[in-house]
Amino acid sequence: MTNAVVDVHHLEKTYGKAGERPYTALKDLNFSVAEGEFVGIMGASGSGKTTLLNMLSTLDTPTKGDVIVNGHDVTKMRSNQLSDFRAQEVGFIFQDFNLLESLTAEENIGLPLALQGTASKVMDQAIHAVAETLSITDLLKKYPAQLSGGQKQRVAAARAIVHQPSILMGDEPTGALDSTSARELLDLLTTINRDQHMSVLLVTHDPFSASFCQRILFIKDGQIGSELNRGDLDRKDFYQQVLTELGTFSE
Amino acid sequence: MLTKLALAGVKNRRRDYLVLLAGLTMSAAIFYMFANLATNQAFIKANAVIKSASVVFGFGAVLLALITIVYIMYANSFLLSMRQHDYGLFMMLGAKRRRVGQLVFLETLILGTIATVIGIVLGIVVSKFLVGFLLDQLGLHLSHLASFYLPAILFTAVLYIGLFILASLFNLTRLMRTTVQQLLHADQQANQPKSRPLRQFIGGLVGIGLLAVGYWAMAAIEHLQMTAIPLALVTITLGTYLLFHAAVLAVIRGLRHTKWAKKHLNGFLMGQLNFRVHDYTRMLTIVSLLFAMALGAITVGSGYHRQMPMTADSLGAYTVAVHDANAHQKHLINQLHVAHQATYTQKVQGKTTYYNAAELKTQPFQQIKSLQSSPNGKPQFYTESLAKFKKDGVTQLDFIMLNPNKLGDFAAPKIVSAAAFKQLKGTTYRVTTVRVKHMADDMAVLKQLDRSEQHRFPQASTQLTIGTYQSFEMMNGIFGGLEFIGYFLGIAFLAMLASCLMFKILSGAPGDLRRYTMLNKIGVRRGLMRASLAKEIGILFAIPGIMGVIDVLFGLQMFKPLMAKPMSPYLGIGTTFAIFIGLYVIYYVITLGLYLNLVMPREVVRD
Ligand SMILES: Nc1ncnc2c1ncn2[C@@H]1O[C@H](COP(=O)(O)OP(=O)(O)OP(=O)(O)O)[C@@H](O)[C@H]1O
Ligand SMILES: [Mg+2]
């Protein structure tokens, strides 16, 4: 794996301030994601999935170990570099959408570009291009409060990819969606992954969502417990395999 | 059970409740202090010598009551915004509407009662110290000023508790009408203003028209009398609201589609403002009124404070006149910044005072020109030849009053030749007249000098001495009350303004915390977030500030009749404005710091 987008070595995260009882959520964790790969991360509640994603997206800092994203060692960065890194290299889709309700869908989507000082013409083009991909062109002038959950998540996805980040991360992005909307979103992520060769890292506890991935990492006790490769399996068969793995994994 | 839950909710938001309680308490304290002054008949009779002063007191109280009503409405909406989520949750969990209603009613009323009681106690305590301190600083003496006055206590209590009962009822009906869903998501609802450009344009025009009426009413106070103030108050309030609403929306709409709005967080800023414009315009209107009243009151107060000595300077040819100055008085005179000093020998026979012509020739008596003939409004002095002086100068009051009887019985003074003066029998006095450069610079010494002269000549029936310093003391007696009210109201309004903004800010913080956390996640630099917040809060401060200054510039017209020439409500307002705006900017910086602390996401610590 020469072209790794994410490279994690000996990652450790211990919570708890001085005086409190420390809790080690991640311990000597190693893995990498290749360019253009669609990777899922699964694990029981409290196993450290969100913690891992927070380390990758620089929202939190590891206690030990290296995290290299698209060639940048994120553990060495400081304040403004961190913000810029998040703004440029990472696209993030959250479970609760995280849209700004005071801005229209269009303005929400344009925000990452505005932050980089993109010219307004280029910006409009980019916004309309992603809106087309995600079929939300007719929603652009609406405010988040006027959108359904699924529509909101598609707007959020558009915001996450409009600036062509090197990796798209999602923490349970389908968690708040009904099955139809969830399916639509996962299809969209697959399309984006395939057509734009954007790497995707998806945290989920739902086997159905996970079955859209090419590779699944199972976290247990703060470490990668096992790994599942889809290979040439079709999605339905892979889904069965995930279920089986979960059954044995949780024992 | 429900009560327990409600109490837990209160506990969780201790800080917000504390701010709310502090604000309401302060408002009640201020109201009590003013009601104490305004309703204390003994005090008013003793101090408000002229009728207009007591009118001002009355209006001050009405104004404060109106502001209080608005203020309580505002605080109440803050309370409701804080609680509605909890109440919604209770109802969703199956609590009966009626039961929750009772809870809301009681909570509002209990909070209000506590605030009122503490506020009145605080008002009594502060009256005792602050009022005394303020009077001391201003060199004023207001008699019959008691800190404890039962009618004022009752007045404050009735008004406040009454208002809180109304507020409780309002909350109750509000709660009964809203759906659980709306209560739960009230803080996330986007009430995007409908854009109706024509309507807003007309609204803006009507607003400007109303403002014009209000400004005219203030200028025409002599003509309109009592109706001027309420008329101005209503028209300016409505006008400001309409103008702000139209202007803010128009500016946002204009800017939102420009290239500028697509850079950095500018679009977010515009969105924020647009999102909260209804909420903001109401608050901005109130704050601009408070700003105007605080600044106006302080300007008028300091106007009197500065201008009374100045006016007194132009009232006569000498500041003090001392008969047979003793060593102590000579010592005091030496400390003055003397502009002109002269000493004349007097001989008194019966009621007539005689002067030596030779003395008046070598040292002519200085007279003051009438202000009308002075080009720059500054007093000018002149002397005339002895012959001329004998004809008309001797009839000038300034000269006549130099007789040792002071204001007692006297006849016209006579000027005789040196030889004749020598022959005269009668008591001999030597009177020294001193004119200082600026009375304001020598206040303390002049006061001592005046007191010692009064002490030495107690026969001066009315306890008055002569000279412009005495005139100043008389003016101080008349206008001092106004000066005091000015400062007092100014400080009161400023305090209310501060806590109004504080409510606004705290009620916006939870939502903003969420927004800025999101921005942080998508990679907005901290500096950019800070700048955006500084701009947003800066706009909230700047708009009412600018409007307030304009209001005051027009509003000072109202005081023209009370500050007759050579005083003017506009004289020297630059310094007052600068100090006030300086304070306002400091308050802005503090508020911003506080807000940044509340909403900025924690920085990721690296070790
Ligand atoms: N800020 C924190 N301080 C202390 N402990 C924390 C903190 N955040 C998470 N933890 C602990 O770390 C462990 C992992 O949490 P994490 O949020 O990563 O779980 P997760 O895998 O995302 O679970 P879920 O599927 O429920 O979202 C949990 O035991 C949690 O209690
Ligand atoms: Mg999680």
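**Ground rules.** I number residues from 1 along each chain as its sequence is written, and chains are lettered from A, and ligands numbered from 1, in the order in which they are written. Because the model is predicted, I take local features only at pLDDT of at least 70 and side-chain atom pairs only at pLDDT 80 or more, while totals for chains, interfaces and linings use all residues; side-chain values use heavy atoms, with hydrogens and water left out.

**Entry 1: chain B overall.** I counted 21 helices and 7 strands in chain B. Helices (H or I, at least four residues) and strands (E, at least two) are DSSP runs, numbered from the N terminus. Of the 607 residues of chain B, 52% are buried. Buried means under 20% relative accessible area, exposed over 50%, and partly exposed in between, with a 1.4 Å probe and protein chains only. I then looked at contacts, meaning heavy atoms within 4.5 Å. Among those in chain B between residues at least 6 apart in sequence, 83% join residues at least 24 apart.

**Entry 2: α2 and α6 of chain B.** I looked up how α2(B), residues 14-39, packs on α6(B), residues 150-177: the angle is about 140 degrees and the axes are 8 Å apart. Axes are lines fitted to C-alpha atoms, for helices over the stretch in contact, and angles run from 0 to 180 degrees between N-to-C directions. The two helices are therefore oblique to each other. The cut-offs are under 35 degrees for roughly parallel, over 145 for roughly antiparallel, 65 to 115 for roughly perpendicular, and oblique for the rest.

On the α2(B) side I noted Leu24(B), Phe31(B) and Tyr32(B) among the contact residues, and on the α6(B) side Ile153(B), Phe155(B) and Phe164(B) are included. By class, this contact has 11 nonpolar, 4 polar and no charged residues. Ala, Val, Leu, Ile, Met, Phe, Trp, Tyr, Cys and Pro count as nonpolar, Asp, Glu, Lys and Arg as charged, and the others, Gly among them, as polar.

**Entry 3: α10 of chain B and two partners.** I took α8(B), residues 197-219, as one partner of α10(B), residues 228-256; their axes come within 7 Å and cross at roughly 150 degrees. α8(B) and α10(B) are therefore roughly antiparallel. Their crossing is left-handed. The residues of this contact divide into 18 nonpolar, 8 polar and 1 charged.

The other partner I checked is α12(B), residues 277-313, whose axis comes within 9 Å of that of α10(B) at a crossing of roughly 135 degrees. This pair is therefore oblique, and the crossing is right-handed. The contact includes Tyr241(B), Phe244(B) and His245(B) of α10(B), and His278(B), Arg282(B) and Leu289(B) of α12(B). By class I have 8 nonpolar, 7 polar and 1 charged residues here.

**Entry 4: α21 of chain B.** Helix α21(B), residues 573-599, has 27 residues and reaches 38 Å from its first C-alpha to its last, close to the 39 Å expected at 1.5 Å a residue. The expected span is 1.5 Å times one less than the number of residues. Among its buried residues I listed Phe577(B), Phe580(B), Tyr584(B), Tyr587(B), Tyr588(B) and Tyr595(B).

**Entry 5: α1 of chain A.** The buried ones are Lys49(A), Thr51(A), Leu52(A), Leu53(A), Met55(A) and Leu56(A). Just after α1(A), Thr58(A) has a positive phi of about 65 degrees.

**Entry 6: loop residues.** Leu140(A) sits in the loop between α4 and α5 of chain A and is buried, at 4% relative accessible area. Leaving aside neighbours within four places in sequence, I found its contacts to include Ile109(A), Ile127(A) and His128(A).

Asn98(A) is in the loop between β6 and α3 of chain A. Asn98(A) is not a glycine, yet has a positive phi of about 55 degrees, and is buried at 8%. Asp324(B), in the loop between β1 and α13 of chain B, has a positive phi near 45 degrees. Asp324(B) is partly exposed, at 31% relative accessible area.

Notes. Left-handed = near helix turned anticlockwise from the far one by under 90°.
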